[in-house]
Amino acid sequence: MSWLREVAHRVDTPRKAVRRAWRRQRLHRQDHKRLMAEFRAARKAGKDQEHPGPPPTGFSLLPWLLMGMGAFSNLFQGETPNAWIGGLGLLTFNSLYIYVVFRAFHKETREAPSTRVALGLMAVVTCGLAIGYGGSWLLFFPLLGLATGAVLRLSHLRTFGTAAAVLAGVVSCTRDGWNGLNIAYATWISTMVTAAILSLSEAVRELRAAREELARRAVEKERLRFSRDLHDLLGHTLSVIVVKSEAARRLAPGDLAASLAQIADIESVGRQALTEIREAVTGYRDGSLATELDRARSALTAAGVEPSVRQSGPPLVSQAEALLGWVVREAVTNIVRHSDAAHCDIVVSAGEEQVRLTVTDDGTGPTGAADGEAGGPTAGPGSEGVGGTGLKGLTERLAAAGGSLSAGPGPRGGFVVRAQLPAAAAEPDPDAATAGVRAGP
């Protein structure tokens, strides 16, 4: 029976290999279909950025010199009187044409006086050759129009393009009768079409570059906004956790119940921080001034700072509440971490037009903060001089909403943070230095 098992094994082994190969091939086809579907969806959404290719250069206009092959043929076959003059004129025209068209693709050289002088010399040489020889030599006028359109683009194009066409028509009609009108029309068309195509190509490239630059700046601003918001959020939360942990350690030997209460607060703060971070990542967190004031009381009390919170006036709009909530969060974090204060006074005063928030402590101020969380004093109102990552971010937030922030030593010592906002604070401009608070920290 052993030989039967061996035969069955030998038969079953290639069968399993075939099945595995089929399975791999099926998975490969599925992955290929999925990738192609994603690629088509990205193209449909306009997300693929096709490279526009190298910009046009003077080489793209060189083939048009073949229009002068008729004149060169006449010169080569001896059908042109004074051949050495014609040859010298042909060499001069081609040299000027090459010089002009290669300088026409760079704005600095295109607008240089030397380029305009060379274009004028081209016109003189073209007129001389057309008057002297006529026939195939008249085709240099469309080449002159092409160079004119490449240099002038849309600047004074109507005037000089029409002048070139009229000049070509007058000279051609003088030499070959009314058939010269065809040369005039060809000159005008070559001037206008060349200018339009090159100007459109340049505009498309500038718009593409501007769009990429705007996208890059938007990403940088969003990254900066998110980093500042996350810094403010985690800085405050971790400060509260540290303060409450210290309080729990101090209370544990003598008052176990109070120590357990602080530990429960730490757990609550940690859970809330996790929720806020999730909401921050998804961009839907909205601040609440009442919540921040409650947290401020708890954090200050745990740090041994006596809090005093006063709020007056009508209810605030959500945007103003969110902004002032961030100010309270940052100011209280600085007090807990740096001030060594014994008392903190938080006053929110809402009027019909303005909302004012003042956070005052009797400590030593934020000087000496190792992490730059708060800045040095500021002289006078406004936001100038407000230092530190947190306060700088808040200054930009409030400025984007039409408000202001100042921070500095109080008249009787300590440190004072003052914030002022319009009662109906508007959403910050998304193109400002930071996006709106409603977008989440």
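**Figure 1. Pro307 in strand β1 of the predicted model.** In this predicted model, Pro307 lies in strand β1, which spans residues 306–312; strands here are DSSP runs of E of at least two residues and helices are runs of H or I of at least four residues, both numbered from the N terminus. With a relative accessible area of 27%, Pro307 is partly exposed, the class between buried (under 20% relative accessible area) and exposed (over 50%), computed with a 1.4 Å probe on protein chains only. Leaving aside residues up to four places away in sequence, Pro307 touches Arg297, Leu300, Thr301 and Cys344, where contact means heavy atoms within 4.5 Å. Pro307 and Cys344 are separated by 37 residues in sequence, yet their C-alpha atoms are 5.0 Å apart in space.

**Figure 2. Ala290 in helix α10.** Helix α10 covers residues 289–302, and Ala290 is found within it. Ala290 has a relative accessible area of 43% and is therefore partly exposed.

**Figure 3. Packing of helix α6 against helix α8.** The axes of α6 (residues 140–152) and α8 (residues 180–251) come within 7 Å of each other and cross at roughly 25°; the axes are lines fitted to C-alpha atoms, for helices over the stretch in contact, and the angles run from 0 to 180 degrees between N-to-C directions. That angle makes α6 roughly parallel to α8, given that angles under 35 degrees count as roughly parallel, over 145 as roughly antiparallel, 65 to 115 as roughly perpendicular, and the rest as oblique. On the side of α6 the contact is made by Phe141, Pro142, Gly145, Leu146, Thr148, Gly149 and Ala150, and on the side of α8 by Ile183, Ala186, Thr187, Ser190, Thr191, Thr194, Ala195 and Leu198. The crossing in which α6 passes α8 is right-handed, a crossing being right-handed if the near helix is turned clockwise from the far one by less than a right angle, and left-handed if anticlockwise.

**Figure 4. Ala184 in helix α8.** Ala184 has its place in helix α8 and, with a relative accessible area of 11%, is buried. Apart from residues up to four places away in sequence, Ala184 touches Ala165, Ala168 and Gly169. Leu139 lies 45 residues from Ala184 along the chain, and the C-alpha atoms of the two are separated by 10.0 Å.

Figure 5. The contact involves Asp229, Asp232, Leu233, Gly235, His236, Thr237, Ser239 and Val243 of α8, together with Trp326, Arg329, Glu330, Thr333, Val336 and Arg337 of α11. Here α8 passes α11 in a left-handed crossing. Leu234, also in α8, counts as partly exposed at 30% relative accessibility, and its C-alpha atom is 7.6 Å from that of Ala273, a residue 39 positions away along the chain.

**Figure 6. Asn82 in the loop between α2 and α3.** Asn82 is found in the loop that joins α2 (69–76) to α3 (83–103). The phi angle of Asn82 is near 50°, a positive value in a residue other than glycine. At 49% relative accessibility, Asn82 counts as partly exposed.

**Figure 7. Two cysteines, Cys127 and Cys173.** Cys127 counts as buried at 14% relative accessibility, whereas Cys173 is partly exposed, with a relative accessible area of 22%. With a disulfide taken as a pair of cysteine sulfur atoms within 2.5 Å, the count comes to 0 disulfides.

**Figure 8. The chain as a whole and its model confidence.** The chain contains 12 helices and 5 strands, and 39% of its 441 residues count as buried. Among contacts with a separation of 6 or more, 70% are between residues 24 or more positions apart. The mean pLDDT, the predictor's confidence in each residue from 0 to 100, is 76 for the chain, and 76% of the residues reach 70 or more. Over residues 367–387 pLDDT stays under 50, and the model has 53 contacts beyond four places in sequence for this stretch; over residues 426–441 pLDDT also stays under 50, with 50 such contacts.

**Notes to all views.** Residues are numbered from 1 along each chain as its sequence is written, and side-chain values use heavy atoms, with hydrogens and water left out. Because the model is predicted, local features need pLDDT of at least 70 and side-chain atom pairs count only at pLDDT 80 or more, while totals for chains, interfaces and linings use all residues.
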